Amino acid sequence: MFTLAEVASLNDIQPTYRILKPWWDVFMDYLAVVMLMVAIFAGTMQLTKDQVVCLPVLQSTVNSKAQPVTSGNADFSTVETTTDQGEASSMRTVSFGSIPTVTPGVPLSTAASSQYPPTESGQELRKEQRDSLGRRTNLDFQQYVFINQMCYHLALPWYSKYFPYLVLIHTIILIVSSNFWFKYPKTCSKIEHFVSILGKCFESPWTTKALSETACEDSEENKQRLTGAQSMSKYVSTSSDEGSPSASTPMITKSGFKFSADKPMIEVPSVTILDKKDGEQAKALFEKVRKFRAHVEDSDLIYKLYVGQTVIKTVKFIFILCYTANFVNTISFEHICNPKVEHLIGYTQFECTHNMAYMLKKLLISYISLICVYGFICLYTLFWLFRIPLKEYSFEKVREESSFSDIPDVKNDFAFLLHMVDQYDQLYSKRFGVFLSEVSENKLREISLNHEWTFEKLRQHVSRNAQDKQELHLVMLSGVPDAVFDLTDLEVLKLEVIPEAKIPAKISQMINLQELHLCHCPAKVEQTAFSFLREHLRCLHVKFTDVAEIPAWAYLLRNLRELYLVGNLNSENNKMIGLESLRELRHLKILHVKSNLTKIPPNITDVAPHLTKLVIHNDGTKLVVLNSLKKMTNVAELELQNCELERIPHAIFSLSNLQELDLKSNSIRTIEEIVSFQHLKRFTCLKLWHNKIVSIPTAITYIKNLESLYLSNNKLESLPAAVFSLQKLRCLDVSYNLITSIPVEIALLQNLQHFHITGNKVDVLPKQLFKCVKLRTLSLGQNCITSLPDKVGQLLQLTYLELKGNCLDRLPATLGQCQLLRRAGLVVEDHLFDALPSEIKEVLNQDTSIPFANGI
């Protein structure tokens, strides 16, 4: 035998799935258990006690002279039969009243042997013997057993015999139908994953914290409760690991709400933070929910399977009810049996009683009642399935009750699973919705970020930049740590690839902040923070992919001095968006645009009246339209780099205040227009490096005020004498050309301080070069120079001398006369330096606080 617990285990689905079983499924499971109990009880009774008891029905040939017994004597009748062989047997039936008496274990039939002659006195004696022994039927115990077995199978209806087994089979089918969606491979994996995630979301400390903060922020009732709960402990600590929690580390508890019999008390969430482990687990949950949603929302297999198994159960209920109702009346106590074994026992008909009939009928009625209840629940389930669109699920109520208004609605199997969870407990879906909200995820990132990036850690990342300013560079964080705004002495803040950057009002503490870098970081600024930046920020760098990433508040920084924009401005999308008006940038002096422009954006003219420096760096896109340059009359520095210019644009000559022009990395071959620079009285610096210039026109002599001329990385083969007529020239850079000699006219450049001729084919240095006694930087590397004249000692102001890459065999000892030259400023092979006299090396190795400069 097997116990009820063993049978009940057939209906035992994993406890983790219970949250997906609505009340009707749970109720049907209990009904199935009761039906199992009915089947087991009926089956047990049938195996142990089920039997029929049969007695023969007398033939119609029985002597009708039998009279009722009076004064306690039994009536009887005798029928005698004589066979052909002369043997006599008598069939006698005795009855007391109307009930025959049979004594078990005693032979009911014996051979009649007549010992007395058929006289009247002998008949009376036999009559007295028959009266004392009862009436014989010639049936013994074994024959009764035989008849009972025969009639059990012939006379008893099949439903009375197989009712328990049918109930068991039907119940098992119903149980399997109820739980098939938990076992089918294509749905089981999704359900298991969902239940796992849902349980973790429900138990996550972040869920409690998020909902607690929402309740505290949005509910006036909670605010009153918080006021009354100030006597509570300020910090609530738990530990993710075993052991006692640390009192110095406040952490959120596993449950944000505490309920009591009187009234609920809510912990103060603003003073609790997540520990690192809980924060990482919550981040992982956000990612799991995102991937699970993408995986499940594209199908509705779970919904269809659940509807299908419900329909099967309903059809099964109708089938059971229909055929079972027909067999209720077939179960009765009395049955007539005709076994057709008269040749064995002499009787053709028996009247039988079924001792389990009463019990089976009661059990069958109970079973039909259970089936009816089961069926009505199935019908209700179908009504629920088709009454509302279960393939859609809205978190509207959660959005109304919380601050997470961005929780999206879901569909298909994801929506159906959430509808099923709501039937168990709506709190599950509410807490689950927290992990669908980007606002919630951003809050978690913010808390984790602040927990990781403390003030001390940020202080360690502060460094000094080339301008000797305190700079902090943060890259690829989930947000801007709050502790950043406690660095009050910070001057430069760089935020790179921080998509959810927010600048709070605390930035007003950073009174020394003047420069802000936003690299792929469309930062959002609070109103108070914007007011501070508008008054104090002087330099803004914005690097973007789409022009929409430029924060709108950047166009309103009225005290901004420098604006650097780096990104794509030539795509179709950006052409439609365009730069917003720069009109509010009233104090903007420097505008740097690194993009792929084909024309100068018209909005730049909004700042033209006060703009002093304009830099346009293209990526090789040809800059065609330059007419708007004429409006920038106050521009003193202009850079048009990598714009595929073939000539110097004529619009430049309208810039009367222009002092410096940089046309680096273009395709300029000839510079005949250089003569027009004579009209620009303030023009002092011309940079034409990295072009294709073959020669310098003599018209360069007309640029009397020219102080710096950069012609490196071109195709110059010689330096014309006209260059040396520029008496104010202080810097001449002709590096990386094809120049073979330095003209002796270089001695005319008495104001020359920086001369660069690295990477040419010069083999001899004229002595006139060393008459330029104001030289501070002299770059002669990578040439064919075989010797360095002793007159190099005349360059008393020389701080940088490059000789590496030549054919020198020694260095002159007169290098020691260059009082400002030190080893760090002497670029030469080590063996040449080591060959110098020791006293010269000592002089060159002396420390000095005077920095060298290369003039570039």
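In this predicted model, His690 sits in the loop that runs between β22 (685-687) and β23 (708-710). The phi angle of His690 is near 55°, a positive value in a residue other than glycine. Most residues other than glycine have a negative phi. Because its relative accessibility is 32%, His690 counts as partly exposed.

Glu644 can be described in like terms. This residue belongs to the loop between β20 (637-641) and β21 (660-662), and its phi is positive, at about 55°, although Glu644 is not a glycine. With a relative accessibility of 30%, Glu644 counts as partly exposed.

**The chain as a whole**

The protein chain contains 21 helices and 28 strands. Of its 856 residues, 46% count as buried. Among the contacts with a separation of 6 or more, 55% are between residues 24 or more positions apart. The accessible surface comes to about 42,900 Å², and carbon and sulfur atoms make up 54% of that surface.

An unreviewed UniProt entry places the feature "transmembrane region" at residues 27-47, 162-182 and 364-386. In the model, residues 27-47 are 100% helix and 0% strand, with end C-alpha atoms 30 Å apart. Residues 364-386 are likewise 100% helix and 0% strand, and their end C-alpha atoms are 33 Å apart.

Helix α4 covers residues 141-154. At 1.5 Å a residue, its 14 residues should span 20 Å, and the end C-alpha atoms are 20 Å apart, so the two values agree. The buried residues of α4 are Tyr144, Ile147, Asn148, Cys151 and Tyr152. They lie on the same side of α4, because they cover an arc of only 135° around the axis. An α-helix has 3.6 residues a turn, so residues three or four places apart point the same way. Gln142, His153 and Leu154, on the other side of α4, are exposed. The cover over the buried residues of α4 includes the helices α2 (23-49), α5 (158-179) and α11 (342-345), together with the strands β1 (52-56), β6 (334-337) and β7 (350-354).

Strand β7 also holds His354. With a relative accessible area of 0%, His354 is buried. Leaving out residues up to four places away in sequence, His354 touches Asp50, Gln51, Val52, Leu156, Ser160, Ser332, Phe333, His335 and Leu360.

Helix α16 (residues 438-452) has 15 residues. From its first C-alpha to its last, α16 reaches 21 Å, close to the 21 Å expected at 1.5 Å a residue. Buried in α16 are Ser440, Glu441, Leu444, Ile447, Ser448 and Leu449.

**Paired strands**

| Strands | Sense | Bridges |
|---|---|---|
| β10 (residues 463-464) and β11 (residues 470-475) | antiparallel | two bridges |
| β11 and β12 (residues 492-496) | parallel | five bridges |
| β17 (residues 562-566) and β18 | parallel | five bridges |
| β18 and β19 (residues 613-618) | parallel | six bridges |

Strands β10 and β11 form a hairpin with five residues between them. In the turn of this hairpin, Asp468 has a positive phi of about 60°. Ser463 has Glu471 in β11 as its bridge partner. Strand β11 is joined to β12 as well, and there Leu474 stands opposite Leu495.

Strand β18 (residues 590-595) pairs with β17 and with β19. Five of the six residues of β18 are buried, and the strand is thus mostly covered. On the side of β19, His592 has Val615 as its bridge partner. In a regular strand the side chains alternate between the two faces of the sheet.

**The loop at Ala505**

Ala505 is found in the loop between β13 (502-503) and β14 (515-519). At 24% relative accessibility, Ala505 counts as partly exposed. Apart from its neighbours within four places in sequence, Ala505 is in contact with Glu526, Thr528 and Ala529. Gln527 is 22 residues from Ala505 in sequence, and the two C-alpha atoms are 7.5 Å apart in space.

Methods
Residues numbered from 1 in each chain as written. Predicted model: local features only at pLDDT ≥ 70, side-chain atom pairs only at ≥ 80, totals over all residues. Heavy atoms only, no water. Helix = DSSP H or I, 4+ residues; strand = E, 2+ residues; numbered from the N terminus. Expected span 1.5 Å × (residues − 1). Buried < 20%, exposed > 50% of the residue type's maximum accessible area, 1.4 Å probe, protein only. Arc of directions from axis to C-beta. Contact = heavy atoms within 4.5 Å. Pairing = 2+ DSSP bridges. Areas by Shrake-Rupley, 256 points an atom, 1.4 Å probe, with all protein chains shown as cover. UniProt positions renumbered as here; feature names shortened; annotations may be inferred.
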